[in-house]
Amino acid sequence: MKKIKIFVDTGADLPLDAAKEFDIDCINFLCVFGDESYVALEELSNEEFFKKLLAADKLPTTSQTPPATMYEKLYNAAKEYDTVVYYTLSSKASGQYNNARLNCEQILEENPDADIRIIDTMSFSIYIGEAAIRLRKLLNAGMDIDEAIPESLKFIEANDAYVLVDDLKYLEMGGRITKTAAIVGGLLDIKPVLGIRNGLVEPLEKIRGKKKMYHKLMELIRENPEFDENSGEFYVVDSNKEYGDKMIETLKEEFGIENIVRRYEFGPIIGTHIGDGAVAVMFRKKGYDL
């Protein structure tokens with residue numbers, strides 16, 4: 001059986017326990033607060049990131065993995081493993097994919113026999129993490145790598161997710177909405193609902209009123225013509241445990257499920273723009289049997 005190394009990056013928000021269980025490593029971005037730079041997850045946990053974000057006067061920035069660091073990770077993996085697969089954050093949102101491609105080309109010049117697959121997921125967060133987990137499961141079941149990669153990416157096609165944003169100030173600080181829109185939205189208690197479309201995070205809907213926002217999000221899911229209500233599979237991503245717990249309780253109440261499949265935490269890539277208190281729900285679309 002071939003030895004295959006799987007990488008994701010910070011944009012996957014992959015939980016540490018899942019990374020360990022499925023033998024998936026992370027190539028980390030940098031997170032920059034003013035003059036201070038941190039390696040995400042290594043020098044700054046997600047919890048620490050959101051504490052700093054809440055205290056910051058201006059938004060932090062995220063920076064691609066330094067080329068030398070990425071080169072070393074991919075080069076060493078290519079020497080040790082038969083195949084290296086790296087599922088990157090959407091190339092429409094970051095230069096990480098192109099950075100990886102350039103590093104791969106350099107490695108192949110020195111080691112033409114290396115087998116490195118750089119995959120642009122055109123996605124974010126849980127989509128990437130679950131596609132990588134699915135790849136590992138398929139490989140463990142004996143599927144060939146050339147079949148397993150496209151099969152694993154079907155997970156991204158087969159699921160949709162809604163991200164519910166609690167605080168508009170982060171969208172305003174990041175230039176996603178105007179200051180006026182943030183003020184008016186705050187006065188009207190409007191909560192934006194975002195989704196992943198064509199490789200970018202896009203606004204989809206608006207929910208008014210915090211009191212029943214989770215139940216209103218359930219209504220949006222039910223009204224989605226692609227929603228497969230019989231799948232019973234839901235995933236949750238949150239930037240605040242309290243909000244995530246409430247979302248899980250609402251899912252159980254509304255859909256009669258016992259447990260969600262897996263729970264993620266937002267990291268700095270999306271967290272910078274949606275802030276503390278954001279929560280997402282992923283659900284299966286009709287017509288897919290994974």
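Start by selecting Leu135, which touches Ile6, Val85, Tyr87, Ile145, Ala148, Ile149 and Ser152 once residues up to four places away in sequence are set aside, a contact being heavy atoms within 4.5 Å. The model on screen is predicted, so local features are reported only at pLDDT of at least 70 and side-chain atom pairs only at pLDDT 80 or more, while totals for chains, interfaces and linings use all residues. Residues are numbered from 1 along each chain as its sequence is written, and side-chain values use heavy atoms, with hydrogens and water left out.

**The cores**

A nonpolar core is here a set of buried Ala, Val, Leu, Ile, Met, Phe, Trp, Tyr and Cys residues joined through side-chain atoms within 4.5 Å; buried means under 20% relative accessible area, exposed over 50%, and partly exposed in between, with a 1.4 Å probe and protein chains only.

Next select residues 67-80, helix α3, whose 14 residues reach 20 Å from the first C-alpha to the last, close to the 20 Å expected at 1.5 Å a residue; the expected span is 1.5 Å times one less than the number of residues. Its buried residues are Met70, Tyr71, Leu74, Ala77 and Ala78. They cover an arc of only 145 degrees around the axis, which puts them on the same side of α3, the arc being that of the directions from the helix axis to the C-beta atoms. The buried residues of α3 pack against β1 (4-9), β2 (24-27), β6 (83-88), α4 (96-110) and β7 (116-120).

Move on to α4, where the end C-alpha atoms are 21 Å apart, in agreement with the 21 Å that its 15 residues should span at 1.5 Å a residue. Gln96, Tyr97, Asn99, Ala100, Asn103, Cys104 and Ile107 are the buried residues of α4. Seen down the axis of α4, these buried residues fall within an arc of 155 degrees, so they line one face of the helix. Leu102 and Glu109 are exposed on the other side of α4, whereas the cover over its buried residues includes β1, β2, α3, β6 and β7.

**Loop residues**

Asp13 lies in the loop between β1 and α1, has a positive phi of about 55 degrees although it is not a glycine, and counts as buried at 8% relative accessibility. Leu14 is found in the loop between β1 and α1 (16-21) and is buried, with a relative accessible area of 12%. Leu14 touches Val8, Ala19, Ile24, Gly129, Ile133 and Tyr264, not counting residues up to four places away in sequence; Leu14 and Tyr264 are 250 residues apart in sequence and 6.7 Å apart in space, C-alpha to C-alpha.

Leu41, in the loop between β4 (36-39) and α2, likewise calls for a look at the backbone, for it has a positive phi of about 70 degrees although it is not a glycine. Leu41 is partly exposed, with a relative accessible area of 36%.

**Cavity and pocket**

A search of the whole structure finds two cavities of 30 Å³ or more, and the largest cavity has a volume of about 100 Å³. On a 1 Å grid over the protein atoms alone, a cavity is a set of points where a 1.4 Å probe fits but cannot get out, and a pocket is an open set with protein on both sides within 12 Å along at least five of seven lines; lining residues have an atom within 4 Å of a point. Grid points are joined across faces, edges and corners, and a volume is the space filled by probe spheres set on the points. To find the largest cavity, select Ser125, Val163, Ile196, Phe266 and Ile270, which lie nearest its centre among its 14 lining residues.

For the second largest pocket, with about 290 Å³ of space, select Asp238, Ser239, Asn240, Lys241 and Glu265, the closest to its centre of the 14 residues that line it. The largest share of this lining, five residues, comes from α2.

Note on methods: Helix = DSSP H or I, 4+ residues; strand = E, 2+ residues; numbered from the N terminus.
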